[in-house]
Amino acid sequence: MTDSLTGGGTGTGGSLVGRNLLAGPEDDPAGDAGHSGHPPRVGFFTDTSVCIGCKACEVACKEWNAIPEDGLDLTGMSYDNSQGLGASTWRHVAFIEQSKPLGHAHADVDHSGMDVLALASEIPTGSAAAQPHAAGGAPDAPGPPEADGRTELRWLMSSDVCKHCTHAACLDVCPTGSLFRTEFGTVVVQEDICNGCGYCVPACPYGVIEQRPHDGRAFKCTMCYDRLGAGQEPACAKACPTDSIQFGPLEELRERAEARVTQLREAGVSDARLYGHDPDDGVGGDGAFFLLLDDPEVYGLPPDPVVTTRDLPDMWRHAGAAALALLGGLAAVFAAHGRSTATTRRFRR
């Protein structure tokens with residue numbers, strides 16, 4: 001650890017004067033925060049295509065970090081019992097049910113008006129028509145609906161977490177230094193320094209960080225900072241039975257993710273795409289990014305997140321220009337008033 005761990009804000013140094021650390025590509029967030037000789041930036045790659053919704057990551061996160069239980073309330077809309085990320089839920093596995101098969105946005109066959117029972121009776125058992133996969137047919141093409149009208153569906157499951165953004169607005173707005181950038185490039189909250197101001201909550205473009213009701217302090221995923229310091233991987237990645245949550249150097253994970261997307265698309269999963277991996281996006285790239293099988297909105301993620309402090313320099317410049325214009329106007333008014341008063345005095349004489 002370095003002595004910069006107690007610092008907050010963007011951690012700018014003398015060599016960074018004139019740079020805008022609030023937006024844009026950033027090659028070395030840890031170095032810009034004051035860390036020297038630091039290890040490579042690490043992160044999470046969550047491959048939702050192999051997530052089975054077991055919630056082992058949620059349990060491991062709570063156990064290791066001693067996070068209090070927070071209700072486990074079913075919403076009535078899904079089998080999810082933790083609902084979303086929060087101060088006491090640092091990992092959240094979403095359950096999304098869709099009435100479409102894997103890899104296709106819509107069924108390729110129009111079954112309207114079809115007599116399903118008559119059709120089924122005409123297909124011999126064990127024939128190629130009854131077993132399209134064995135006959136080399138398209139594995140993703142949906143079959144006819146059942147007699148009760150049900151068609152194919154799929155479950156989308158995804159373990160969400162703090163994104164540990166390259167440009168972390170929560171860190172930038174923290175007035176006490178409670179939030180800091182670690183030598184691993186992650187963003188951590190020091191709960192003993194947090195004063196409960198809540199500035200970080202609306203600053204997060206993902207709605208991740210939250211305050212606990214009983215004391216007002218903010219909490220979120222630390223990527224198991226204590227485990228990283230001991231050379232161990234985070235508890236959630238260690239507990240994941242399918243390697244849906246992968247941990248490692250961020251550049252290596254990005255290469256692995258690109259290869260995985262290519263593999264899925266070649267297998268016919270045309271909906272596969274990466275989310276949060278691009279250093280040129282609105283947050284400079286995420287330290288925790290995802291492989292999704294549908295649009296980000298389906299998973300409750302913003303489609304085009306932008307760090308909320310990006311426009312602060314322009315806002316201050318515009319405010320300064322407006323203030324100068326106002327002062328100039330007031331000065332002109334007082335000057336004109338002084339001239340009119342002097343003229344009136346001359347006439348009175």
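In what order do the 4 strands of the open sheet lie? In this predicted model, the order is S8-S1-S10-S9, and the pairing is mixed. The edges are formed by strand S8 (245–249) and strand S9 (273–275), each of which pairs on one side only. From one strand to the next, the twist averages 25°.

A helix accompanies this sheet. Helix H8 (residues 250–266) packs on it, with contacts to S1, S8, S9 and strand S10 (288–292). The direction of helix H8 makes about 135° with that of S8. Strand S1 (residues 42–47) and S8 run antiparallel and are joined by 5 bridges. Within this pairing, phenylalanine 44 stands opposite phenylalanine 247 in S8.

Alanine 94 counts as buried because its relative accessibility is 13%, and buried means under 20%. Beyond its neighbours within four places in sequence, alanine 94 is in contact with Leu156, Met157 and Ser158. Glycine 53 lies 41 residues from alanine 94 in sequence, yet the two are 7.6 Å apart in space, C-alpha to C-alpha.

Together with Leu324, Leu326, Leu327 and Leu330, Phe334 forms a nonpolar patch on the surface. The accessible area of these residues together is about 570 Å².

How values were computed. Residues are numbered from 1 along each chain as its sequence is written. This is a predicted model: local features need pLDDT of at least 70, side-chain atom pairs count only at pLDDT 80 or more; totals for chains, interfaces and linings use all residues. Side-chain values use heavy atoms; hydrogens and water are left out. Patches are made of residues with over 30% relative accessible area and no salt bridge: like charges are joined within 9 Å, nonpolar side chains (Val, Leu, Ile, Met, Phe, Trp, Tyr) within 5 Å. Accessible areas come from the Shrake-Rupley method with a 1.4 Å probe; for residues, only the protein chains shown count as cover. A salt bridge is a side-chain nitrogen of Lys or Arg within 4 Å of a carboxyl oxygen of Asp or Glu. Two strands pair if DSSP finds at least two bridges between them. Helices (H or I, at least four residues) and strands (E, at least two) are DSSP runs, numbered from the N terminus. Axes are lines fitted to C-alpha atoms, for helices over the stretch in contact, and angles run from 0 to 180 degrees between N-to-C directions. Contact means heavy atoms within 4.5 Å. Buried means under 20% relative accessible area, exposed over 50%, partly exposed in between (1.4 Å probe, protein chains only).
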